Structures are given as C-alpha cells and as structure tokens.
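Here is a short report on one protein model and its ligand. Have a look at the structure first, then read on.

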Amino acid sequence: MTDFKTLVQTRRSVRKYTDQPIDADDLKTILRAALMSPTGKSVRGWHFIVVTDKEVLEKMSLCRPMGSQFLAEANVAIVVLGDHELTDVWTEDASIAAVTMQYQAADLGIGSCWCQIRNRYMNESESADNILRFLLHYPQNLVAECVIGLGYPAQERKPQNEDSLKWENVHVGKY
Ligand SMILES: Cc1cc2nc3c(=O)[nH]c(=O)nc-3n(C[C@H](O)[C@H](O)[C@H](O)COP(=O)(O)O)c2cc1C
C-alpha cells in the first residue's frame with residue numbers, strides 16, 4: 001500500500017485503459033471502500049451498479065455530448081446512485097463514496113475517472129440520468145450522481161505538482 005500522502009499526489013484521472021480485465025478481488029476491494037465511506041446520519045443510502053458489458057458501456061458513454069466518451073474504453077464502470085427520498089445529503093454521500101473508490105483504485109494500480117451525471121444533459125429534453133435509468137432500470141427514488149470508469153492505465157499521468165497548489169485559497173482565521 002502506498003502511503004496516503006503519496007497517494008493523494010499520484011492519483012490522477014485516467015481516461016485510457018488497457019484491455020486487461022480488473023481482478024475480481026480488486027474490484028471487490030474498491031466496492032468495499034465505497035461501502036465503508038462515511039454518510040450523513042450513517043444512512044448508507046447509496047447504491048452502486050457495476051457494469052462490465054462492453055455494449056452497455058458503449059451506450060453509457062453516449063449519455064452526454066462530451067465528457068462521457070471515455071466510458072466506452074473502461075473495463076468496469078460503477079454507477080453511483082443516491083436515494084433522494086432517504087436523505088437530503090445524497091449528493092454528498094454519493095460523491096464521497098465515488099472519490100473513496102477512486103483513491104482505493106489508485107492504491108491498487110487501477111486508473112479511474114469520474115463522469116458527472118447529475119445536472120448533465122444529452123440535449124434539451126433528455127438528462128444523462130434518464131439515459132442511464134433506461135439502460136440500467138434503477139427506480140425513481142435513486143438518482144445517478146456520477147459514473148466511475150475503471151481500468152488498468154494505458155496512459156501515464158504526472159503526479160500533482162507541489163508548486164502549483166492553490167495555497168492562496170486557504171484562509172487562516174478569517175477570509
Ligand atoms: C465533480 C467532478 C466531475 C467531473 N466530471 C467529469 C466528467 O464528466 N468527465 C471527465 O472526463 N472528467 C470529469 N471529472 C474529472 C476532472 O476533470 C479531473 O478530476 C480534473 O481535471 C483534475 O484532474 P485529476 O483528477 O487528474 O487530478 C470530474 C471530476 C469531478 C470531481
């Protein structure tokens with residue numbers, strides 16, 4: 001395991017993946033991380049849909065005019081859903097679960113990228129969420145926050161540059 005300080009610096013969004021299937025134990029470890037992530041009032045109202053079918057991944061990649069295309073190349077995509085009837089912090093809960101999976105994936109040498117679904121549209125009349133709902137059959141109480149695409153990296157990403165961190169955005173004591 002990478003130490004956490006290094007992990008936060010080396011995790012970068014990866015949108016190009018090799019064909020190598022993700023190890024089943026590693027996938028389970030990634031989902032375990034999501035299920036251990038913190039939630040408001042500990043409601044754990046999120047749901048996760050694991051998609052490996054290439055045809056479905058390709059259809060999912062077309063849910064937005066841009067920003068989602070990389071999903072067609074992913075080995076696995078995990079749709080992160082929140083229950084808006086159960087909790088008013090479903091977006092926060094879903095987001096924390098999603099990013100926790102991204103760090104766990106990075107620690108296992110697996111690349112990942114977030115594809116935003118909530119508040120994104122294919123066109124004026126169709127939301128990205130509705131397109132996924134039609135494909136994956138989730139109920140009305142659940143809304144997709146994002147999809148996390150996963151795969152072994154087929155691109156190299158540089159670690160975050162220590163010198164370009166926005167320390168000026170950190171305000172001590174008052175703004
Ligand atoms: C809330 C959120 C939404 C994002 N949406 C998308 C997206 O729809 N498509 C995409 O390719 N990347 C998306 N990203 C990835 C960002 O573009 C990426 O994290 C950012 O450019 C910083 O790069 P890094 O992750 O390599 O550090 C999203 C990231 C976040 C946190």
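In this predicted model, an oxygen atom of the ligand sits 2.6 Å from an N or O atom in the side chain of Ser13. Arg12 takes part as well: an N or O atom in the Arg12 side chain is 2.9 Å from a ligand oxygen. How much of the ligand does the protein cover? On its own, the ligand has 620 Å² of accessible area, and the protein covers 60% of that.

| Residue | Distance to a ligand oxygen |
|---|---|
| Ser13 | 2.6 Å |
| Arg12 | 2.9 Å |

Now widen the view. The ligand is surrounded by 13 residues. The closest are Arg12, Ser13, Arg15, Arg64 and Gly67. Which classes make up this shell? There are 4 nonpolar, 4 polar and 5 charged residues.

Count along the sequence, and Tyr17 and Arg157 are 140 residues apart. In space, their C-alpha atoms are 12 Å apart. Tyr17 belongs to the loop between helix H1 (4-10) and H2. Is Tyr17 buried or exposed? Tyr17 is buried, because its relative accessible area is 5%, under the 20% cut-off.

Next come the charged pairs. Side chains of opposite charge can pair when their charged atoms come close. The count for this model is 2 salt bridges.

One of them joins Arg118 and Glu145, whose closest N and O atoms are 2.8 Å apart. Arg118 is partly exposed, at 27% relative accessible area. Glu145 is buried, with a value of 2%.

The other salt bridge joins Asp129 and Arg133. Here, too, the closest N and O atoms are 2.8 Å apart. Why are these two residues about one helical turn apart? They are separated by about one turn because they stand 4 residues apart in helix H5. Asp129 and Arg133 are both buried.

Turn to the loop between helix H2 (24-35) and strand S1 (47-51), where Lys41 is placed. Ser42 is found in the loop between H2 and S1 as well. Lys41 counts as exposed because its relative accessible area is 84%, over the 50% cut-off. Ser42 is exposed too, at 53%.

Val172 is exposed, with a relative accessible area of 77%.

Technical notes: Residues are numbered from 1 along each chain as its sequence is written. This is a predicted model: local features need pLDDT of at least 70, side-chain atom pairs count only at pLDDT 80 or more; totals for chains, interfaces and linings use all residues. Side-chain values use heavy atoms; hydrogens and water are left out. Buried means under 20% relative accessible area, exposed over 50%, partly exposed in between (1.4 Å probe, protein chains only). A residue is near a molecule or strand if one of its heavy atoms lies within 4 Å of it. A polar contact is a pair of N or O atoms within 3.5 Å; within protein, one must be able to donate a hydrogen and the other to accept it, and residues adjacent in sequence count only if both atoms are side-chain atoms. Accessible areas come from the Shrake-Rupley method with a 1.4 Å probe; for residues, only the protein chains shown count as cover. Ala, Val, Leu, Ile, Met, Phe, Trp, Tyr, Cys and Pro count as nonpolar, Asp, Glu, Lys and Arg as charged, and the others, Gly among them, as polar. A salt bridge is a side-chain nitrogen of Lys or Arg within 4 Å of a carboxyl oxygen of Asp or Glu.
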